[in-house]
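Here are my notes on the model you sent over. Have the structure open as you go through the points.

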Amino acid sequence: MTEFVIASVMLIAMILIGVPIAFSIGGTTLIYILMTNPGNLSAIPIRMFAGVNSFTLMALPLFMLAADLMVSTGISTKLFDFVRIRLGKRRGGLAYVNIVASTIFGSLSGAALSDMAGLGKVEIDAMTEDGYPKDFSCAITAASSIQSPLIPPSNVAILYAGVMSLSVGAILYAGFVPGILIALTQMLYVKLNSKRLNLPKHEKIYTREEKRELIKDGVIALIMPLIILVSITAGFSTPTEAAGLSVLYALLIAVIFFRNFSLKKLIDSLWTTCKSSANLFLIIAFSAVFAWAIGTEKIPDRLAEMLISITGDKYVMMLIINMILLIVGMWMETGAAVMLFAPILAPIAVAAGFNEVHFAVIMLTNLTVGLITPPVGVVLYATAEVGNEKLETVIKATMPFIILGFVVVALIVMIPEIALFVPRLFGFIS
């Protein structure tokens, strides 16, 4: 146990000083094995290969490519315009548009930072041009990105299912209601505070032809998530095959309908996806070795015994786990945190009496709320940079949404059906 504590401290220190996460995990794992059982060194390449040798994980690069194609061809912007003509006319309308557009696009990108990259500047610029306070525009943009890893089809949900050998459909659909719940709480906040904050209305008048064009473009873009979800739910395809379909669809609509595609954009998207995928799979490989090493040393069992000795109440135990996850979510990308901590914490939660799918959603929700939680929330830094606003100003304006995120996490913990109802409805769990 002492070796595990030393390794954990080293891992945190390496990440904080700027060592890439993949090498931080790999270096820590190597040192941990040397401290505990050097004879296990020969198992490292075998475990690295086993960690990435998953048909489910093959879907991730394809989903990344589909999301990048949507950004490079402007499909994400068309989604924003489509939602704007529906919701923009009411007071605070662009705030609602921001939330809904990020919820839709974020489900395809599966990552809060990808949502920020794809829509962040578009949303902030549109709101400031319409007279919204800059700090509020940045805050709502940061907050609306955190449901991205929850709404299906989510890359992070697929990653969690692959790492923990769970049903992809169960994890995908379990995040649907929690993700929508986060969006609804944000919209409720806008509704209750629109007059106090003096939020304007979107005054632009669209011609009938403009509306028709925007609706057509929006519907074409919205078909992509429907293709993915229907094909997986109906059993027509595996998640990997559905990811391939999403790439094909993104290419077809870019070439045939929007006609703004080029060979350069394709090469750029492929190169970006290759770099992101290489980094992700390197993290997965090293995390698989780390998970195997701590499993061999029975670290999860020891941690469970320690928590049980502290408290016998499963909700108090979950509160401790949530605090750990919140801290992790502040400084670590969600996918990396899942690969590193899910194999450690999930067995403890299941032993305490929580359903494994239920805990998956608790973990994903908590990690995403951590992304906008100061002092280290990485989405806050990204928002401040994209919006050209002071970090402390963004943090102050985002605080109400952070509190709402904590409330949603508490509701999910206390009411398991929020996460389990939809996957049970579709027969993914009993």
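1. Lys314 sits over the face of Phe354, 4.9 Å from the ring centre. A charge counts as over a ring if NZ of Lys or CZ of Arg is within 6 Å of the ring centre and within 35 degrees of the ring normal. Please keep in mind that this is a predicted model, where local features need pLDDT of at least 70, side-chain atom pairs count only at pLDDT 80 or more, and totals for chains, interfaces and linings use all residues. Residues are numbered from 1 along each chain as its sequence is written, and side-chain values use heavy atoms, with hydrogens and water left out.

2. Phe354 also has an aromatic partner, Tyr315, in an edge-to-face pair with 5.9 Å between centres and 85° between planes. Rings of Phe, Tyr and Trp (its six-membered ring) pair if their centres lie within 6.5 Å; planes under 30 degrees apart are stacked, over 60 edge-to-face, and the rest tilted. Tyr315 belongs to helix α16 (residues 314-331) and Phe354 to the loop between α17 and α18 (356-370), so the pair ties together parts 39 residues apart in sequence. Helices here are DSSP runs (H or I, at least four residues), numbered from the N terminus.

3. The cut-offs are under 20% for buried and over 50% for exposed, with partly exposed in between (1.4 Å probe, protein chains only).

4. By the ring rule there are 4 aromatic pairs. Tyr173, Phe426 and Phe428 form one aromatic cluster.

5. Now for the largest nonpolar core, which has 135 residues; Phe136, Tyr160, Ile321, Met332 and Phe359 touch the most other members. Helix α17 (residues 334-352) supplies the largest share, 12 residues. Such a core is a set of buried Ala, Val, Leu, Ile, Met, Phe, Trp, Tyr and Cys residues joined through side-chain atoms within 4.5 Å.

6. Which residues does Tyr160 touch? Leaving aside residues up to four places away in sequence, its contacts (heavy atoms within 4.5 Å) include Leu166, Ile171, Val338, Phe359 and Met363.

7. Last, a helix pair: the axes of α11 (residues 176-193) and α21 (residues 417-425) come within 7 Å and cross at roughly 130°. Phe176, Val177, Pro178 and Leu181 of α11 make the contact with Ile418, Ala419 and Val422 of α21.

Notes: Helix = DSSP H or I, 4+ residues; strand = E, 2+ residues; numbered from the N terminus. Axes fitted to C-alpha atoms, helices over the stretch in contact; angles between N-to-C directions.
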